[in-house]
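Here is a quick tour of the model you have open.

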Amino acid sequence: MPKTRSVAVLVGSLRKASYNRKMALALAKLAPDTLKLGIVEIGDLPLYNEDVETAGAPAAWVQFRGEVKAADALLFVTPEYNRSVPGGLKNAIDVGSRPYGSSVFGGKPGAVVSVSPGAIGGYGANHHLRQSMVFLDVPTMQQPEAYIGGAATLFDEQGGIVSETTRGLLTKFMQAFAAWVEANAKG
Ligand SMILES: Cc1cc2nc3c(=O)[nH]c(=O)nc-3n(C[C@H](O)[C@H](O)[C@H](O)COP(=O)(O)O)c2cc1C
C-alpha cells in the first residue's frame with residue numbers, strides 16, 4: 001500500500017490570475033489520493049545574497065526552507081520568461097539551495113510542468129529548470145513530459161481543465177508522478 005506523500009508545489013508566476021497557479025490547483029485535484037499537493041509561496045523571498053545569509057537569514061527564507069524540507073517531493077509549475085525560468089522561481093531555488101551543504105531539495109523526487117499561452121508550452125523554462133535539478137540532486141521525472149501551450153483557453157470559470165484530452169493527459173502525468181515519488185522518496 002503506497003504511503004501518502006506531501007508535495008511542495010513551486011509556482012513560477014507571481015501574478016494573481018496566473019495560468020500556472022491555476023494549473024497547480026487543477027493538478028492538485030487531478031492527483032491520485034496518495035499525493036497531497038500544497039503551494040509553497042515564493043513571492044516574498046528577498047533576493048538571495050550571501051552577505052545577508054552571513055548576517056542572519058531573513059524569516060521568509062527560513063520559512064520557505066522549512067516548508068520545502070518538510071515535503072516528500074517537489075512539483076514545479078512554471079511559465080517561461082525570455083526562454084528561461086522566471087527570476088522569482090530561480091531566486092527561490094537559490095534560497096533553498098543554501099547554505100552550502102544544507103540544500104532543502106537534495107534527493108526529493110520532482111517533476112516539471114510548464115504552461116504558456118504560446119505554442120511551445122514553456123519548453124525553454126522546463127529544460128533550464130531541469131539543468132538546476134541535476135546539480136541539486138533532484139531526481140526529476142523524465143516521462144511523461146508536460147509542455148502545456150494555449151493557456152488562455154485551458155481553464156473554465158471554476159479553474160477546471162476544459163479539454164477532456166488535456167485533462168486525461170494531466171491525470172496520467174500525475175499518476176506517473178505518484179509512481180515516481182513512491183519509487184524515489186526517502187523513507
Ligand atoms: C518578462 C516576460 C517574459 C516572457 N517570455 C516568454 C517566453 O520566453 N516564452 C513564452 O512562451 N512566453 C513568455 N512570456 C509570456 C508568458 O508566457 C505569459 O505572460 C504567461 O501568462 C505567464 O504565465 P502566468 O499566466 O502563469 O503568469 C513572457 C512574459 C513575461 C512577463
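## Two helices crossing

Helix α3 (residues 59-70) packs against helix α4 (residues 87-97) at an angle of about 80°, their axes lying 9 Å apart. That makes α3 and α4 roughly perpendicular, therefore, a label for angles of 65 to 115 degrees. On the α3 side the contact uses Trp61, Phe64, Arg65 and Val68, and on the α4 side Ala92, Val95 and Gly96. By class, that's five nonpolar, one polar and one charged residues.

Some bookkeeping: contact means C-beta atoms, placed from the backbone, within 7 Å. Axes are lines fitted to C-alpha atoms over the stretch in contact, with angles running from 0 to 180 degrees between N-to-C directions. Helices (H or I, at least four residues) and strands (E, at least two) are DSSP runs numbered from the N terminus. Ala, Val, Leu, Ile, Met, Phe, Trp, Tyr, Cys and Pro count as nonpolar, Asp, Glu, Lys and Arg as charged, and the others, Gly among them, as polar.

## What kind of model

This is a predicted model: local features need pLDDT of at least 70 and side-chain atom pairs pLDDT 80 or more, while totals for chains, interfaces and linings use all residues. Residues are numbered from 1 along each chain as its sequence is written.

Take leucine 27: setting aside neighbours within four places in sequence, it touches Leu37, Val77, Val113, Leu170 and Met174.

Arginine 98 and proline 99 are joined by a cis peptide bond, omega about 0°, and proline 99 sits in the loop between α4 and β4 (110-115). The bond from glutamine 143 to proline 144 is cis too, with omega near 0°; proline 144 is in the loop between α5 (123-135) and β5 (147-148).

Asparagine 82, not a glycine, has a positive phi of about 50°. Its loop runs between β3 (73-78) and α4, and asparagine 82 is exposed, with 9 other C-beta atoms within 10 Å. (Exposed is 12 or fewer, buried 20 or more, partly exposed in between.)

Note on methods. Contact = placed C-beta atoms within 7 Å. Parallel < 35°, antiparallel > 145°, perpendicular 65-115°, else oblique.
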